[in-house]
Amino acid sequence: MNVLSVERLAKRYGPRQLFKDISFGLEKGQKTAIVARNGTGKSTLLKCIAGLETADEGIISFNKGLRTGYLDQSVHMTATHSLVDEMLDQDDPVTNAIREYEHAIARHVDEETMQRAVNRMTELNAWDHEAHVQVLLHRFGLRDMEQPVNTLSGGQQKRLAMAKVLINAPDVLILDEPTNHLDVHMIEQLEDELSAPNLTLLLVTHDRYFLDNVCDEIIEMEFGEFTRFKGNYSYYVEKKAMLDEVRDATQHHLRGLMRSELEWVRKMPRARGTKSKSRLDAFDRIKADATRDFSRDEVKIDVKTERLGGKVIETRNLTKGFGTVVGGNYKPIVKGFSYSLKRGDRIGIVGPNGIGKSTFLDLLVGKLPPDAGTVSMGDTVILGTFDQRGLQLTDDKRIIDVVRDIAEMIPLNKGKTLTASGLLERFLFDKEQQWQYVSTLSGGEKRRLYLCTVLMKNPNVLILDEPTNDLDIPTLNALEDFLVDLDICLLIVSHDRYFMDKLCTKLLVFEGEGRIKEWVGSYTELRERQKDEAARSKGAKDREEKEVREEKEAKEVKVAKELPAKKKLTYAERLELQKIDKEMPKLEQRKAELLAIMAKGDLDHHAVMERSIELEKTISELDRITDRWLVLSEREGG
């Protein structure tokens, strides 16, 4: 069943034609990715399809009754309201009831207010939807419902935006760079979520493993054409290479034919008959096809690197954390870490979002002082740093001036030099575009310009913090090929598994609580090891739970056999049973509230102790009256 049809879509920004005559359709359950260079209009195309921008020409139609969801490439949440308010921002009775219930639990309201919230949830039958909200937030690693959204990290905001898109179970999802700022665990979770068979997906991403694992079709925007490849990214790469060979062979043949026909055109008499006119028209068509430009401008990276000595960067007992030990909210980032970075090292830094990888890089380059320990740098080190924040520029600055502010002439290898304009051309900014303002660039083009400014300083130690975000695949391929052959020291923080596998020979793995371990091998090998260990741990836990359950069941059977013959309930026992029926739900509810409160992790030590004691008493009382209820109910039934 066709769920989306796009017919002859076109969009222009001023003199710049982004795309035109784009037509395609999506079937139910199809997973399609759009691949193209930065600046060709991928994000604008998605926004037009999602209804956030208006196309200049063309028709977009969805099947009736379908729910659609859209995730923007850039997520910037600046509001001060809570995570749960952002997640549940619809104004309807069920959503309002869930929001009030979540606030009641988080804010430790009085019993009467809590009961009203519970009654309202029950009245509207909102418990299933509330459970769905909790499952989504838990799946995306979001725990503190009351945290203001403007205090969330970039990765947390991206996860919240993704959960918010999924909350209404859309039939068609439109995603622009969904893996940006997500750690590997979250990317793998997202891959599982998006692989649902009935979910239709249209996305733009540079993550090549993600494309392989999720998508079953690739659409390429190139040379003004929209070419479809029925397969994942690996299939696309293979078939595209074959297509390029066929195209080159066809053009070679057409050029030969054009030369022979050109001889006839030159010799043709002035008086043109009908047959001659037809042949001349055919020659014009051959000439147009034979002279069509299919050459691709590639990013050409060639910079001079200074010789690097034996000592690069050394840390001795490096320690850094945030918060205060006295208040009980101290968060260690690095604890007693000693390491020596050597010439030729290519090290990836990996770990979950928010664990302190970027802070660690700031410590190494001196942007942050350590709490204890030292960082020392070799005398020959020339640092190049590419961080997540990107270029901090005003939008009224011209592209050429960004580079000229650093240097007019750039030294290359073998004594060659290059002008600022020439360097920009190598990074695919032609002479006309160089005089445009930074504000006209797409997100990916700004990242490419930033990369240009970092590499033109000729570093011999390169520190890259999430360099792959927003870069197109051709630029990533060029950057990888350049870095593979470059004799420099590399430190990379990235969640792009393909990028890390290609460039890094070992990893520093952040495990939390300031612990950092070295792993020699690829990122993919590390993830396989971590998954195996998690599976073994889960298997052992499942076996233990099964043994405990079987032992309990055996005891229950033994007790049942030893019980005397059943007797009818007395009047007092019937009253006791009625009382227990009323008490059990209250105890269950209080148990759930206490578990939710303690799961937030925002209590001080004293409050944790109080809640733990109360929880232990609640569970004990619940077990006691449950056992009594089972005995009385069985006798009543008998």
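**β12 and β18.** I looked up strand β12 (residues 346–350) and strand β18 (residues 489–493) in this predicted model and found them paired in the parallel sense over four bridges. I took strands (E, at least two residues) and helices (H or I, at least four) as DSSP runs, numbered from the N terminus. I called two strands paired if DSSP finds at least two bridges between them. Opposite I349 I noted V493 in β18.

**Ground rules.** I number residues from 1 along each chain as its sequence is written, and I use heavy atoms for side-chain values, with hydrogens and water left out.

I traced an open sheet of six strands in the order β14-β17-β18-β12-β19-β20, with mixed pairing. I marked β14 (383–386) and β20 (515–520) as the edge strands, each pairing on one side only.

**Cysteines.** I searched the whole structure for disulfides (cysteine sulfur atoms within 2.5 Å) and found zero. I then checked burial, where buried means under 20% relative accessible area, exposed over 50% and partly exposed in between (1.4 Å probe, protein chains only). I found C48 buried at a relative accessible area of 4%, and C489 buried at 0%.

**α5 and α6.** I compared helix α5 (residues 127–139) with helix α6 (residues 154–166): their axes come within 9 Å and cross at roughly 150°. The axes are lines fitted to C-alpha atoms, for helices over the stretch in contact, and angles run from 0 to 180 degrees between N-to-C directions. For the contact (heavy atoms within 4.5 Å), I listed H132, L136 and L137 of α5 with L160, A163 and L166 of α6.

**α11.** I found helix α11 (residues 357–365) mostly covered, with seven of its nine residues buried. I listed the buried ones as K357, T359, F360, L361, D362, L363 and L364. After α11 I noted G366, with a positive phi near 85°.

**L201.** I located L201 in strand β7 (residues 200–204). I count L201 as buried, because its relative accessibility is 0%. I read 8.6 Å between the C-alpha atoms of L201 and L26, which are 175 residues apart along the chain. Leaving out residues up to four places away in sequence, I found L201 touching L26, Q30, K31, T32, L173, L175, L194 and V214.

Conventions: Predicted model: local features only at pLDDT ≥ 70, side-chain atom pairs only at ≥ 80, totals over all residues.
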